Amino acid sequence: MSGPLDHLKVVECSIAMAGPYCGLMLADYGADVVKIERPDHGDESRNWPPFFAGSVSHYFAAVNRNKRSLAVDLKSPAGAALMRKLALSADVLIDNFRLGTLDRLGFGYRELSAVNKKLIYCRITGFGASGPRAAERANDAVMQAYSGGMSLTGERDGGPVKMGISVADIGAGLFATNGILMALEARHRTGRGQIVDASLLEGQ
């Protein structure tokens, strides 16, 4: 049975959870998602235990089903050419790398949308794409602490405790997915894509 998004081509440039969770939602509903991974060791979550049959990370499998992966060195001429070819034929690009990484490599929204006007460019960051902390690194645990979310968990007389699952990452991934779907609806009327911004802080 075909899915409601089986007409969409998605390029996912992301690691760990937030971006992969967004890509997972689109893939589960039928989108053709190509995940870009580093040639040396791929998505870092491939190495996080526990493992199925001693080789496949539970964590990686949980958020990367229904996707195809490509190992691409985006800094090499061949890798850059491949990435550009994929991005210029895509409906959606998910950017969950550190803020500005794809821009520095020539794959920012301004460059790509000038050629691929229908492209929906979804940027998922830690603190948001603007503001005084935009350039800072962040992960789920940091954002749970920074937002005050950890103050809701733990023992009555104890200190803050991390929530059991990656709620900031998952929240960001869900907001990103929702933003992409709204941008697709807008594209039906305008014929043009746009930027979608989501962040771990907003997710938390």
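Predicted model: local features only at pLDDT ≥ 70, side-chain atom pairs only at ≥ 80, totals over all residues.

Reader: Which residues of helix H3 are buried?

Author: Helices are DSSP runs (H or I, at least four residues), numbered from the N terminus. Buried means under 20% relative accessible area, exposed over 50% (1.4 Å probe, protein chains only). In H3, Gly-79, Ala-80, Met-83, Leu-86 and Ala-87 are buried. They fall within an arc of 125° seen down the axis, so they line one face of the helix. That arc is taken from the directions from the helix axis to the C-beta atoms. Pro-77, Ala-78 and Lys-85 are exposed on the face turned away from the buried side.

Reader: Which residues have the most contacts inside the largest nonpolar core?

Author: In soluble globular proteins, nonpolar side chains tend to be buried together. A nonpolar core is a set of buried Ala, Val, Leu, Ile, Met, Phe, Trp, Tyr and Cys residues joined through side-chain atoms within 4.5 Å. The largest here has 25 residues, and Ile-94, Ile-124 and Ile-180 have the most contacts inside it. H7 gives the largest share of this core, six residues. A second, separate core of 19 residues includes Met-83.

Reader: Is Ser-166 buried or exposed?

Author: Ser-166 counts as buried, at 15% relative accessibility. This residue lies in the loop between helix H6 (140–147) and helix H7 (167–190).

Technical notes. Residues numbered from 1 in each chain as written. Heavy atoms only, no water. Helix = DSSP H or I, 4+ residues; strand = E, 2+ residues; numbered from the N terminus.
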